Amino acid sequence: MGAGLAFNLKTRMIHTEEYTVHGTEIDYTYRLTEPHLVSLFQDAFARYCAGLGIAAYDLQRMQKTWILSDFHAVFHSALPKWHQKIKFEVWARKLQSFRIYADFKAFDELGNCCASGSSCWLILDETNRVPIDDKATFQKLGLTPNQAVEGFRFSKPEPLSGQLFEDQGKVRSSDIDFNFHLNSVRYIAVGLTTLPIDFRIKNKLNWLTIRYNQEVMVNQELRSRVFVDGDKAMHLLQSADQSLEFSRMYTQWEPAQINLCWDDEKPSQHRAFPT
């Protein structure tokens, strides 16, 4: 764990937060979207840090900040619908060099684990934008060495080729976060929405893994490119001229006719998506 760190593994530190799914967080199925689930996890982790006095605004007083380098999520079952509750459990699982790994589990109103995952965080020096080994901050988190996704570890998958879908756009001020760069959830949302709507309707997302390579700033022109090969896809977020790669995400899918109606028990009421 590194010299000088005295984590108490006997004291399991798991933080819990509960949320209500709002209308702005659902899609055409009335259910919480995957990017919004990621956003709620980040909020739960931020609240955990805030309770320990190490939120981003605490670190920024010392010219430091949190930054997310990797994220992985597995979707086990349908996500909650509008106005339903979703509960998150978050904890710091492992310290490795300059990185802290935080895991999560999300539960629906019936107590079913609908999603779980892992994340890797760094603390950045805001002056020169490089990671620092902040032992004092890491120590406050404690460690609970329970792995939310058993056997998973972040790695560098092989590139994919296949059918290509593309989109492009410009980063607006509404896309940036308190670090003045593109919000990490937006990378995921852009990658998923680059896929055609008929692909999304006919397929269910099983898991996603994303590596954040570079910061994206306001007014930058972006190109989103998605290669679909069988049940997997590779999502690249690049500069407009493709000279820079800001993130690389992999997803895995399975066929599933999505019910566009509120009542899952009445498929006869299935709505057709407008064309």
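This is a predicted model: local features need pLDDT of at least 70, side-chain atom pairs count only at pLDDT 80 or more; totals for chains, interfaces and linings use all residues.
**Entry 1: helix α1**
I began with α1, which runs over residues 34–51 and has 18 residues. From its first C-alpha to its last I noted a reach of 26 Å, close to the 26 Å expected at 1.5 Å a residue. Next I looked up which residues of α1 are buried. The list includes Leu37, Val38, Leu40, Phe41, Phe45, Tyr48 and Cys49. Glu34 and Gln42 are buried as well. After the helix comes Gly53, and its phi is positive, near 80 degrees.

**Entry 2: Thr251**
I then moved to strand β11, residues 245–255, where Thr251 lies. Is Thr251 buried or exposed? Its relative accessibility is 0%, so Thr251 counts as buried, since the cut-off for buried is under 20%. I also checked its side chain, which makes a polar contact of 2.7 Å with the side chain of Trp253. Leaving out residues up to four places away in sequence, I found that Thr251 touches several others, among them Leu192, Trp207, Asp231, Lys232 and His235.

**Entry 3: two positive phi angles**
Here I kept one reminder at hand: most residues other than glycine have a negative phi. Gln63 is not a glycine, yet its phi is positive, about 60 degrees. I found Gln63 in the loop between α2 (56–60) and β2 (64–75). With a relative accessible area of 44%, Gln63 is partly exposed.

Arg129 also has a positive phi, near 60 degrees, and is a residue other than glycine. Where does Arg129 lie? I traced Arg129 to the loop between β5 (113–125) and β6 (130–131). Its relative accessibility is 28%, so I wrote Arg129 down as partly exposed.

Terms used:
Residues are numbered from 1 along each chain as its sequence is written. Side-chain values use heavy atoms; hydrogens and water are left out. Helices (H or I, at least four residues) and strands (E, at least two) are DSSP runs, numbered from the N terminus. The expected span of a helix is 1.5 Å times one less than its number of residues. Buried means under 20% relative accessible area, exposed over 50%, partly exposed in between (1.4 Å probe, protein chains only). A polar contact is a pair of N or O atoms within 3.5 Å; within protein, one must be able to donate a hydrogen and the other to accept it, and residues adjacent in sequence count only if both atoms are side-chain atoms. Contact means heavy atoms within 4.5 Å.
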